Amino acid sequence: MDTARTACDPISGIPNILSIAGSDPSGGAGIQADIKSISATGGYAMAVVTALTAQNTRGVTAVHTPPTDFLRQQLDAIAEDVRIDAVKIGMLGSAAVARCVGAWLDHARPPVVVLDPVMVATSGARLLDDDAVRAVVDLARRASLVTPNIAELAVLVGADPAASWSAALEQGRVLAVRLGTRVLVKGGHLPGERCPDALIPAPQDATGGPDTVVLDGCRVPTENTHGTGCSLSSAIATRFAVTGDWPTAVREAKSWLEGALQGADLLDVGAGSGPVHHFHAGPDPRAHQRFTELAWRDIGELRRNLLELPFLTALMEGDLPATDFAYYLQQDALYLRDYSAVLARAAAMAPAEDEQLFWLSAATSCLQTEAELHRTWLSGKTGIRAGEGDAGPVTRAYCDHLRAVAGRGSYAELVAAVLPCFWLYAAVGDHVQERVQERVQERPQGRPGGHGPSGPHPYAAWIATYADPGFAEATARAKQIADGAHRRASPVERTAMLAAFRWSAAYERDFFDAPRARAAARRAPADLREGAVLA
Ligand SMILES: Nc1ncnc2c1ncn2[C@@H]1O[C@H](COP(=O)(O)OP(=O)(O)O)[C@@H](O)[C@H]1O
Ligand SMILES: Cc1ncc(COP(=O)(O)OP(=O)(O)O)c(N)n1
């Protein structure tokens, strides 16, 4: 089974996940748990029923298995119409059902298959007859990931259930070799305060590939653990379809499940082992809010600090030291070159042509602005030539942050990371323009704004560049794109967007403060300067 990065719908970012599993009418396990889990973790859920159980939180009283040709019709109906980004397989019940699903996998070839080899429910009820185990092993060879619990792991390797974490890991390794696929060993049924899981690579991956990844977790003190295996495997399938990385998918799914277990006692469902709270995080309230509103509010204090920076006050007053201004321009020119490359990356990741074109044009105008900075401001007025000078610590950190998001983050995260450069710069421009106008009205004869008793404003021409209507338009479009990306993002991505925006905003503020910080450092006694050798 091909396990390369999946391509879920690039526009919505919502993958289509198919659960092939049994029905648990009490809603805690089976397809009912799968649908809740897939939906809660950012996927679109589909379900094909393999078997019907009469079940509640205390146990299973009957199982009805519909004919396998009807199962095949359900599977074909979906595959003929819908792009399937990942499949999760749960209860199969019989060898015939397992073989039917295996034949369909060979035919439909979905890109990702997560198999939870359900054999026994928490209540102790058998959910797989004896001769079906071989058929499930056969099916497991076609899976991208198999997620047995301790008892199922023992059956699959033909041994007694592991009594310790190290024994479970050993059985997991044996199973991965036997099946030729990756295995998630789950510590849920072992004693102890911790509840680790471990992702064991497929043998072909293990040669020079990734090592076993242990994902630690704390044990949530609750009796309500019905359906944890179903919920976890569905969440992993969903998060893998979104992220394309197994350790990330398992980490995100496990962390979400921990929240669902913590919220389980809030539910009042049945007298036995109750279900977990799939929607513990609620429908993400941020889905209905604009990113730009959330983010702007989030950096309220930072914005106030930025507008009060001595650099801006001195710029407006016209008494900013020329060396500080030159340093600022020089760092800006260095920054713009990297920023342009990051914008080009956003263009490459953009889901639609109009967004692609927007980022490409922004990347181009950065390079043009950089050239203009050198031509008009740097070489002429400060004697600094193009490419001269090193990036200072703030420029370096800001560019590193942007490059890291461009390399590792999603499109939504990258859009959030590049936005402050548009938006805060525009806000600084508006602020400076407004104050300058106010002062002109207060002191029509004096600075700033032209010729007064103390002479022309030295930065009037620079301040005038802030009034560029083209930049205001581009800022409005970048904000609109960020709002769209946020609407389509998963809850995890929304959090990452806010963090990326917050970091960039902080660097943006520090960027305007960098000339002052540099001048202060230069005034410090020699033995306190960076790199000083102390006797
Ligand atoms: N009490 C608990 N606290 C935290 N995590 C748990 C708890 N019980 C199970 N888990 C986690 O739930 C997932 C399902 O594990 P497990 O219960 O072993 O499987 P199954 O539900 O298939 O029997 C695993 O990630 C496991 O670590
Ligand atoms: C219809 C159905 N499918 C699977 C299970 C067992 O699910 P699992 O998630 O392994 O749940 P617990 O063992 O934690 O209950 C089921 N009970 N019913």
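I shall speak about aromatic pairs and then about one serine.

This is a predicted model, in which local features need pLDDT of at least 70 and side-chain atom pairs count only at pLDDT 80 or more, while totals for chains, interfaces and linings use all residues. Residues are numbered from 1 along each chain as its sequence is written, chains are lettered from A and ligands numbered from 1 in the order in which they are written, and side-chain values use heavy atoms, with hydrogens and water left out.

The structure holds 25 aromatic pairs (rings of Phe, Tyr and Trp, the last by its six-membered ring, with centres within 6.5 Å; planes under 30 degrees apart are stacked, over 60 edge-to-face, the rest tilted). One of them joins Y328 and F511: the ring centres are 5.9 Å apart and the planes stand at 75 degrees, so this pair is edge-to-face. Because Y328 belongs to helix α13 (residues 322-349) and F511 to helix α19 (residues 491-523), the pair ties together parts 183 residues apart in sequence (helices are DSSP runs of H or I, at least four residues, and strands runs of E, at least two, numbered from the N terminus). Y328 and F511 are both buried (under 20% relative accessible area; exposed is over 50%, partly exposed in between, with a 1.4 Å probe and protein chains only).

Y425 and Y466 form a tilted pair, with 5.3 Å between centres and 50 degrees between planes. Y425 is buried at 18% relative accessibility, and Y466 is buried at 9%.

Finally, S23 lies in strand β1 (residues 16-23) and, at 12% relative accessibility, counts as buried.
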